[in-house]
8 protein chains.
Amino acid sequence: IRQGVPEVIYGQGKTPEQILGIVKAMSDRGAENILITRMSGDAAEFVQESIALDYHPIPKIGIVGRCKEVTAQGKIVVATGGTSDLAVAEEAALTAEVLGNEVERLYDVGVAGLHRLLANLDVLMQAKVVIAVAGMEGALASVVGGLVDCPVIAVPTSIGYGASFGGVSALLSMLNSCASGVSVVNIDNGFGAGYLASMINHIGGAV
Amino acid sequence: IRQGVPEVIYGQGKTPEQILGIVKAMSDRGAENILITRMSGDAAEFVQESIALDYHPIPKIGIVGRCKEVTAQGKIVVATGGTSDLAVAEEAALTAEVLGNEVERLYDVGVAGLHRLLANLDVLMQAKVVIAVAGMEGALASVVGGLVDCPVIAVPTSIGYGASFGGVSALLSMLNSCASGVSVVNIDNGFGAGYLASMINHIGGAV
Amino acid sequence: IRQGVPEVIYGQGKTPEQILGIVKAMSDRGAENILITRMSGDAAEFVQESIALDYHPIPKIGIVGRCKEVTAQGKIVVATGGTSDLAVAEEAALTAEVLGNEVERLYDVGVAGLHRLLANLDVLMQAKVVIAVAGMEGALASVVGGLVDCPVIAVPTSIGYGASFGGVSALLSMLNSCASGVSVVNIDNGFGAGYLASMINHIGGAV
Amino acid sequence: IRQGVPEVIYGQGKTPEQILGIVKAMSDRGAENILITRMSGDAAEFVQESIALDYHPIPKIGIVGRCKEVTAQGKIVVATGGTSDLAVAEEAALTAEVLGNEVERLYDVGVAGLHRLLANLDVLMQAKVVIAVAGMEGALASVVGGLVDCPVIAVPTSIGYGASFGGVSALLSMLNSCASGVSVVNIDNGFGAGYLASMINHIGGAV
Amino acid sequence: IRQGVPEVIYGQGKTPEQILGIVKAMSDRGAENILITRMSGDAAEFVQESIALDYHPIPKIGIVGRCKEVTAQGKIVVATGGTSDLAVAEEAALTAEVLGNEVERLYDVGVAGLHRLLANLDVLMQAKVVIAVAGMEGALASVVGGLVDCPVIAVPTSIGYGASFGGVSALLSMLNSCASGVSVVNIDNGFGAGYLASMINHIGGAV
Amino acid sequence: IRQGVPEVIYGQGKTPEQILGIVKAMSDRGAENILITRMSGDAAEFVQESIALDYHPIPKIGIVGRCKEVTAQGKIVVATGGTSDLAVAEEAALTAEVLGNEVERLYDVGVAGLHRLLANLDVLMQAKVVIAVAGMEGALASVVGGLVDCPVIAVPTSIGYGASFGGVSALLSMLNSCASGVSVVNIDNGFGAGYLASMINHIGGAV
Amino acid sequence: IRQGVPEVIYGQGKTPEQILGIVKAMSDRGAENILITRMSGDAAEFVQESIALDYHPIPKIGIVGRCKEVTAQGKIVVATGGTSDLAVAEEAALTAEVLGNEVERLYDVGVAGLHRLLANLDVLMQAKVVIAVAGMEGALASVVGGLVDCPVIAVPTSIGYGASFGGVSALLSMLNSCASGVSVVNIDNGFGAGYLASMINHIGGAV
Amino acid sequence: IRQGVPEVIYGQGKTPEQILGIVKAMSDRGAENILITRMSGDAAEFVQESIALDYHPIPKIGIVGRCKEVTAQGKIVVATGGTSDLAVAEEAALTAEVLGNEVERLYDVGVAGLHRLLANLDVLMQAKVVIAVAGMEGALASVVGGLVDCPVIAVPTSIGYGASFGGVSALLSMLNSCASGVSVVNIDNGFGAGYLASMINHIGGAV
Ligand SMILES: Nc1ncnc2c1ncn2[C@@H]1O[C@H](COP(=O)(O)O)[C@@H](O)[C@H]1O
Ligand SMILES: Nc1ncnc2c1ncn2[C@@H]1O[C@H](COP(=O)(O)O)[C@@H](O)[C@H]1O
Ligand SMILES: Nc1ncnc2c1ncn2[C@@H]1O[C@H](COP(=O)(O)O)[C@@H](O)[C@H]1O
Ligand SMILES: Nc1ncnc2c1ncn2[C@@H]1O[C@H](COP(=O)(O)O)[C@@H](O)[C@H]1O
Ligand SMILES: [Mg+2]
Ligand SMILES: [Mg+2]
Ligand SMILES: [Mg+2]
Ligand SMILES: [Mg+2]
Ligand SMILES: [Mg+2]
Ligand SMILES: [Mg+2]
Ligand SMILES: [Mg+2]
Ligand SMILES: [Mg+2]
């Protein structure tokens with residue numbers, strides 16, 4: 001394993017025992033920093049009995065070891081359309097932080113609250129990368145993409161009802177964005193967005 | 001037929017001869033104003049040989065008789081995301097004008113040109129009804145809906161490529177709009193939007 | 001906030017504590033009338049311990065403060081295809097009432113009971129706006145749209161089984177309506193329909 | 001082959017030569033009456049050079065031999081939503097006639113012209129079977145099914161644009177019909193509807 | 001209500017109390033025979049405390065009053081592809097029986113057991129109408145339609161997994177049937193098939 | 001390149017010049033036998049000017065060099081539901097023949113002509129592999145799979161109209177086959193089926 | 001029943017009592033080896049009270065009687081993209097083993113761990129048939145198909161989230177495979193893949 | 001306009017006259033470098049009569065002015081699955097070159113030619129960003145993403161037939177990629193990929 005780079009475990013569908021086992025094996029191989037995504041509260045409690053683990057229940061993320069040391073110069077902004085997109089946004093934000101990035105959160109700035117977005121233009125403009133998280137009509141990604149000149153990673157969320165189709169409407173909206181510089185990851189894939197944002201941000205040079 | 005209210009012919013799939021026949025029958029019954037939608041250039045030329053007809057080739061609309069007398073107090077704004085949405089927007093605008101409405105056009109003000117929309121906020125704010133016409137990601141309807149307090153009629157267009165799926169992405173985006181006061185008509189149905197906008201505008205009282 | 005206009009809280013996915021908090025904050029800012037949609041029975045009970053709240057369990061709506069003062073001249077008719085569409089219809093009707101409209105209900109008048117609809121034509125004809133709520137084949141919106149001359153807001157419901165696809169069939173049917181003046185909101189979006197109907201009805205002038 | 005029962009050729013994708021060949025072979029085996037569906041005008045002209053053929057260009061049907069002798073007591077009503085559904089309706093009507101049924105046509109009686117349908121209730125009520133042909137929102141089948149007590153065969157047509165999806169919206173609407181006694185055949189399958197209607201009508205007894 | 005014709009209640013989404021109320025009201029109006037579909041076991045037990053009710057737990061059907069008196073000459077055959085289609089098939093069969101038809105069951109004769117179908121050709125050939133109930137690939141309807149000369153009512157079921165998509169694959173397969181005389185009802189709509197089969201069978205004349 | 005094994009060129013989207021170039025290059029490298037699929041008639045004519053090429057216009061296949069030497073013991077049966085599936089079936093059959101297999105054709109034996117299939121059971125039973133080619137409802141694959149004990153390769157075709165959705169209905173039907181031993185290739189992929197059938201047949205041993 | 005060939009019971013939707021009944025009936029008819037798929041733990045416990053049964057909880061497979069006697073010369077390799085595909089892969093592997101095949105497992109060798117696949121090329125190359133089991137993007141089937149020269153049976157799994165759509169994305173990816181020799185079975189259909197692989201492997205000759 | 005940064009015109013649906021007009025206006029405002037995408041050959045010829053324009057017929061790209069001056073340190077690799085993906089890949093590559101990037105092309109290295117990809121691992125490993133262009137099963141993006149540590153921009157193409165659904169299968173495959181660092185743009189959106197790649201590459205610092 002590369003020195004200093006955190007290891008990642010995808011917790012979904014793994015038992016608490018399996019997760020603990022993988023964490024221990026990684027530690028034995030020298031991993032100092034481990035990120036566990038999609039981790040249930042039960043699994044977190046079980047692992048905490050053996051190892052120090054920082055658990056975030058809303059994005060279901062567990063973090064083992066030293067963290068939040070910033071290794072890249074630029075800043076990543078995570079914006080959400082509504083408050084219901086919080087869990088996915090935090091999966092992205094925490095992933096980016098664990099991977100050594102400074103992250104600024106701009107939550108609940110979707111089209112229903114466009115003035116809040118416009119009131120925070122300065123924050124947006126300083127970003128090296130923006131992660132735009134939105135469900136329902138997913139317009140946030142296009143609006144942000146039309147305002148900034150940096151890469152925008154769009155994350156559709158499964159939040160919504162009716163014709164939101166579990167995130168498909170937001171996904172399609174984002175893929176069709178008329179703003180240049182926008183690309184899309186899978187529905188609810190906060191981790192993927194955070195990981196890619198960190199990759200791009202680190203291209204901008206180390207601290 | 002109601003006095004003064006224009007008659008409508010849906011031209012799609014009708015031969016030039018059939019259209020002329022219907023126009024003549026309507027005139028005989030006393031219709032002073034006839035709107036023909038989805039009318040081919042050939043049909044227009046054929047009808048023009050017998051009857052005075054004002055033909056608009058882009059929205060494929062033909063108008064027979066006296067027109068554009070404004071009968072409602074309020075104003076209808078027709079906004080489009082891009083220039084390619086013009087044909088559908090004009091179908092809506094001309095329909096509304098023939099039905100006695102003052103119409104203001106705000107074209108090419110989609111999220112890729114958000115500043116152009118913001119620069120025209122005053123026009124938008126004076127509308128009694130807004131018709132938002134957009135293809136691709138269809139975000140315009142949500143953005144407009146978040147800004148104004150009047151009814152917004154969203155018209156998805158089939159403009160686009162790839163995952164725009166002939167207007168389905170824009171349609172879904174519009175149905176999922178988080179802004180209140182937005183409702184949706186069929187893909188490319190400029191006529192339906194213009195007709196409904198006129199209904200609503202006339203509720204606001206006659207000139 | 002605008003004086004006298006009710007505030008709206010979307011209750012879905014908010015904890016009882018969060019809802020109470022928002023209600024209190026709104027009251028502090030002077031809100032006299034608050035509408036809470038998609039509110040669970042538990043949340044209602046929790047809020048009722050602190051504040052007077054009128055709760056409607058079927059549409060899951062909670063109302064705080066003075067209400068039902070009619071501020072618009074016209075009447076809104078809410079029609080449903082079957083009895084199973086009641087919850088969505090009541091979301092629409094109560095929303096419209098809280099927003100100051102007189103509402104008349106015509107339930108269970110779908111195509112399986114067309115005679116019941118025809119027997120109530122006078123009620124339908126007096127409406128300034130009609131909200132047509134229907135699941136399954138969603139034909140009610142077209143039938144109503146073919147009968148009346150006012151705007152019809154169609155609300156597809158997720159009621160049904162098999163090829164009703166959670167409201168998609170009704171949605172498509174409504175979008176394809178051959179009757180002029182029909183527009184559509186999201187599946188089960190009774191609130192959106194009630195809000196838009198109120199907007200349109202108020203264009204018709206105050207009481 | 002059964003005596004007196006017409007033979008059927010599905011013309012789509014067959015060359016004029018192939019069709020003529022099959023017709024001749026059938027005649028040689030004693031067929032007195034042959035129905036050719038989806039037959040191009042070119043194929044019809046080619047066959048007519050060798051054999052007497054009655055060709056209907058709109059439904060693209062060719063008929064060889066003696067025909068229209070009524071062999072069943074009951075009457076089949078073919079109703080359409082609009083004038084654009086004519087080709088499919090005629091495929092159904094001519095098929096039923098060739099198979100020995102009395103057929104009554106009620107065209108353009110969809111929800112946009114509901115009064116025309118209601119004005120013809122007596123015709124509808126006398127039917128042994130109704131074939132309801134409609135595109136767009138396909139509400140005709142439900143409306144008819146709610147009015148009559150006999151089997152209704154619903155035929156969705158590919159007529160329409162936007163969210164009509166080549167007949168899928170009408171198909172779904174018809175499958176979800178809340179009226180009892182309605183069943184559905186493939187989009188544009190006028191032949192299938194006419195054939196089934198004839199089967200059912202003949203159960204009612206010979207002339 | 002028509003004398004002797006059973007009344008039908010759609011039990012889905014109705015409380016035991018509501019169902020009992022409707023049953024009592026129907027009895028008071030003189031109904032001698034009531035069919036309740038989609039009725040839960042709880043509802044059945046509750047109703048049975050007040051009124052004699054024959055309950056069938058697998059198809060969830062309750063029957064009140066005198067029943068199974070055969071009023072039509074012909075026979076209806078209900079065939080299923082597999083044993084898992086039983087509930088839907090019994091909904092169809094019991095509906096047809098309550099409506100006065102003789103019903104013969106041919107279960108588990110799908111393409112995986114084609115020999116069982118061929119071994120029962122005589123039963124199939126004597127039918128006035130066949131109801132073909134199948135999930136997964138839904139080929140039964142086509143196979144039966146290719147063998148018999150009477151109307152085949154195809155009922156897709158939601159039985160299956162993976163690409164069966166809750167009955168959509170069977171539905172599509174049945175709509176595309178190359179065999180003449182096949183029509184389709186909604187997924188899992190055994191009631192609709194039984195009702196339509198009874199309609200057709202009674203056209204064949206009373207006992 | 002392996003000695004004696006034919007080379008394959010996918011002709012779709014290649015110019016006549018490109019195809020000739022590839023053919024010449026392959027010949028220079030020692031290829032004795034070249035199969036060109038999806039080859040236009042124009043391309044065939046162009047290549048034939050320089051090199052001997054056996055062209056089959058219906059499946060659009062060109063064959064260069066020595067061919068049809070049988071190298072496997074077993075026999076491959078190619079069956080089709082209708083005559084319209086011929087082009088795809090021939091793509092499969094010719095591919096298998098070029099690859100050294102004995103191929104028997106059973107065309108037009110779908111469910112509408114089930115007796116023809118049953119009349120040829122002996123041919124079917126002697127197959128080492130069966131390729132079942134069908135559009136519309138695609139039931140042929142299931143019926144064949146229920147009869148034989150060898151691998152069945154199902155090829156859905158895009159033949160059909162309405163709800164056949166360009167082969168999707170047949171594809172879904174085939175994927176849901178209840179008969180064991182059935183697997184599926186892409187819509188219209190006769191080449192893929194012929195290639196796989198040859199692979200399997202050669203496992204059975206050389207001549 | 002054929003001597004020595006195992007019988008198969010599809011356990012899904014059958015009660016423990018039903019399964020035991022079928023097992024006993026099969027034993028009475030002389031079956032020495034019975035495979036039960038989709039069998040719940042409860043059913044397994046219930047059957048084990050009466051009869052010796054080897055139960056595998058992850059793939060939910062029960063095996064009665066003598067087993068794992070290898071009757072074919074070749075080897076089947078079962079490969080998976082990730083660890084979450086294990087249950088489906090084991091359904092395939094155990095089915096193949098019960099049917100008399102030697103099976104080698106290559107788990108967790110998807111594109112995220114391509115090096116692990118390349119490190120096991122020798123195992124892959126010795127296979128007579130490969131079963132490629134993968135969810136999410138399903139690329140494993142194409143990668144394997146591009147490497148080996150034997151038949152590849154692709155099994156999409158419903159593992160994944162968001163735009164994996166319960167296995168549909170993997171299914172489509174596999175159907176579109178550009179590698180020759182790949183065919184596909186239903187989502188999660190491990191049994192079908194194992195059964196077909198055994199068929200093909202036995203064509204290669206007995207031990 | 002920003003100095004030195006090229007202007008972009010989306011040529012689709014614009015007449016030659018309109019394009020020339022926009023080009024002249026941009027030049028007048030001082031633009032030295034203009035990229036025109038989706039430009040027809042006719043439009044190119046028309047513009048070339050007035051202004052020097054470098055036209056690329058396969059990706060339909062026109063370039064006005066000074067170009068290809070490299071302004072970023074890193075290298076962008078554009079890889080394609082097959083030769084048919086060339087047009088989209090060149091749209092991406094030329095866009096990136098016009099925007100000041102060094103671009104390396106790796107064409108026809110999809111899973112059917114995996115060895116060609118592995119043979120070029122060194123090129124891939126030196127990339128700052130990779131653009132992976134593929135149709136059909138779209139596996140290239142996942143394979144590349146599993147090999148490299150830099151951002152991968154996946155571009156699904158509409159190349160393919162049958163279940164490729166105009167690029168949807170490739171799109172879904174790419175969205176579900178199990179490899180980290182992969183994001184997706186619209187089907188056939190080579191321009192968007194090239195633009196985003198340039199943005200990311202320039203974050204890595206100027207030459
Ligand atoms: N572009 C359009 N899209 C949908 N409906 C239309 C359009 N233009 C006209 N209509 C409707 O079609 C009706 C006339 O149809 P027809 O009797 O076929 O001429 C009018 O009353 C309108 O309601
Ligand atoms: N299982 C069923 N599926 C579809 N429709 C049904 C079903 N059972 C009853 N119905 C219909 O529902 C009507 C009664 O609905 P309701 O008035 O809600 O009880 C009956 O007249 C039937 O037409
Ligand atoms: N009709 C077809 N459908 C799908 N793949 C094909 C077809 N014909 C040939 N192929 C494949 O395409 C490959 C050659 O592609 P190419 O290098 O573009 O000529 C062959 O090796 C086959 O695997
Ligand atoms: N091939 C393409 N696909 C999508 N968007 C494009 C493409 N080419 C250019 N664009 C975008 O379209 C904008 C120009 O559009 P327009 O003003 O209509 O010429 C550019 O700024 C690009 O963002
Ligand atoms: Mg931007
Ligand atoms: Mg608003
Ligand atoms: Mg109306
Ligand atoms: Mg009826
Ligand atoms: Mg038949
Ligand atoms: Mg078999
Ligand atoms: Mg291979
Ligand atoms: Mg990577």
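## Basis of the values

The model is predicted, so local features need pLDDT of at least 70 and side-chain atom pairs count only at pLDDT 80 or more, whereas totals for chains, interfaces and linings use all residues. Residues are numbered from 1 along each chain as its sequence is written, chains are lettered from A and ligands numbered from 1 in the order in which they are written, and side-chain values use heavy atoms, with hydrogens and water left out.

## Ligand 1

Ligand 1 lies between chains B, C and D. Its shell (residues with a heavy atom within 4 Å of the ligand) consists of B:V8, B:I9, B:Y10, B:K14, B:T37, B:R38, B:E91, B:N189, B:F191, C:S180 and D:Y161. Strand β1 of chain B, residues 7-10, supplies the largest share of this shell, with three residues; strands are DSSP runs of E, at least two residues long, numbered from the N terminus. By class, the shell holds five nonpolar, three polar and three charged residues, where Ala, Val, Leu, Ile, Met, Phe, Trp, Tyr, Cys and Pro count as nonpolar, Asp, Glu, Lys and Arg as charged, and the others, Gly among them, as polar.

An oxygen atom of ligand 1 is 2.9 Å from a polar backbone atom of B:Y10, and an oxygen atom of the ligand is 2.7 Å from a polar side-chain atom of C:S180. The side chain of B:N189 places a polar atom 3.4 Å from a nitrogen atom of ligand 1. Alone, ligand 1 exposes 510 Å², of which the protein buries 70%; accessible areas come from the Shrake-Rupley method with a 1.4 Å probe, and for residues only the protein chains shown count as cover.

## Ligand 2

Ligand 2 is found between chains C, D and E. Around it are C:Y161, D:S180, E:V8, E:I9, E:Y10, E:K14, E:T37, E:R38, E:E91, E:N189 and E:F191. Three of these residues come from strand β1 (residues 7-10) of chain E, the largest share. The shell comprises five nonpolar, three polar and three charged residues.

A nitrogen atom of ligand 2 is 2.6 Å from an N or O atom in the side chain of C:Y161. For the side chain of E:T37, an N or O atom is likewise 2.6 Å from a nitrogen atom of the ligand. The backbone of E:Y10 has a polar atom 2.9 Å from an oxygen atom of ligand 2. Of the 500 Å² of accessible area that ligand 2 has on its own, the protein covers 70%.

## Magnesium site in chain G

Ligand 11, a magnesium ion, is coordinated by the O atoms of G:G145 and G:V148, at 2.2 to 2.4 Å. Donors are N, O and S atoms within 2.8 Å of the metal (3.2 Å for Na, K and Ca); water is not among the atoms, so the site may look incomplete. Both G:G145 and G:V148 are buried, that is, under 20% relative accessible area, with exposed over 50% and partly exposed in between (1.4 Å probe, protein chains only).

## A buried lysine in chain E

E:K75 belongs to strand β5 (residues 75-80) of chain E. Its relative accessibility is 18%, so E:K75 counts as buried. The side chains of E:K75 and E:E104 are joined by a polar contact of 3.1 Å.

Conventions. Polar contact = N/O pair within 3.5 Å; in protein donor to acceptor, adjacent residues only side chain to side chain. Helix = DSSP H or I, 4+ residues; strand = E, 2+ residues; numbered from the N terminus.
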